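Hello,

Here is the structure I promised to hand over. Please open it next to this email and follow along.

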Amino acid sequence: MYQVGDLIVYAMNGICRVTEIGPKPELGGEADTLYYTLTPLYRTEVIYTPVDANQFMRPALTRQKALELITQIPGIEEQELDSRNMKLAAEYYQNALRTHDCTELVRLIKTIYTKNQNARLQRKNLSQIDQRYMKRAEDLLYGELGAALGIQPEGVQQYIEQTVAELETTVQ
């Protein structure tokens, strides 16, 4: 069971703080049913979910785990996709998001980034499906990394680029 103040990843809502644990009879629940009150860090709504809900929940990355992930990013390979089959691509994207795994989110972002680079070489634009999944993956990943590192999600990409560049300079 999570505690008040814990940061967790909740379903597709991303990073949330547990702000309260207790019964919520006003929600129609039984008096002995405990609910988490969750506040997403980067949105304004409040989420109520039973403690024993069947929704995905996991502890958020720690700072140490976030830094480890960032050092692994250059070695995470993108997924080979048939760029003409949007149905298969969308299925892969959805499955990657459902893993709630930061490494898979990085792989998804790198896959779509590479697809975008290839499209630009052919003077084409990235499809709306690709753009939508890229945005969703970035929001989830950058939100969690931002919380772990104590920076805003908007600064995470630059932080990653600087860290990876420093690592490459150190290795050479």
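Strand β1 (residues 7–10) and strand β2 (residues 14–23) run antiparallel and are joined by four bridges. Two strands count as paired if DSSP finds at least two bridges between them. Opposite Ile8 stands Cys16 of β2. Three residues lie between the strands of this hairpin, and Ala11 takes a positive phi near 45 degrees there. β1 also runs antiparallel to strand β5 (residues 57–59), with three bridges between them. Here Val9 has Arg58 as its bridge partner.

A word on the source. This is a predicted model, in which local features need pLDDT of at least 70 and side-chain atom pairs count only at pLDDT 80 or more, while totals for chains, interfaces and linings use all residues. Residues are numbered from 1 along each chain as its sequence is written, and side-chain values use heavy atoms, with hydrogens and water left out.

Now the whole protein. It has five helices and five strands. Both are DSSP runs numbered from the N terminus: helices are H or I with at least four residues, strands are E with at least two. From the N terminus on, the order is β-β-β-β-β-α-α-α-α-α. The C-alpha atoms fill a box of roughly 60 × 40 × 20 Å along the principal axes. Of the 172 residues, 38% are buried, meaning under 20% relative accessible area with a 1.4 Å probe, protein chains only.

Next, look at Thr37. It sits in strand β3 (residues 34–40). Is Thr37 buried or exposed? It is buried, because its relative accessible area is 6%. Thr19 is 18 residues away along the chain, yet the two C-alpha atoms are separated by 5.6 Å. Leaving aside neighbours within four places in sequence, the contacts of Thr37 (heavy atoms within 4.5 Å) include Val18, Thr19, Val46 and Ile47.

Last, the helices. The axes of α2 (residues 86–98) and α3 (residues 102–121) come within 8 Å and cross at roughly 150 degrees. Axes are lines fitted to C-alpha atoms, for helices over the stretch in contact, and angles run from 0 to 180 degrees between N-to-C directions. α2 and α3 are therefore roughly antiparallel, a label for angles over 145 degrees. Which residues of α2 and α3 make the contact? Among them are Ala89, Tyr93 and Leu97 of α2, and Leu105, Leu108 and Ile112 of α3. The residues of this contact divide into nine nonpolar, one polar and three charged. Nonpolar covers Ala, Val, Leu, Ile, Met, Phe, Trp, Tyr, Cys and Pro; charged covers Asp, Glu, Lys and Arg; the others, Gly among them, are polar.

Best wishes

Key. Parallel < 35°, antiparallel > 145°, perpendicular 65-115°, else oblique. Buried < 20%, exposed > 50% of the residue type's maximum accessible area, 1.4 Å probe, protein only.
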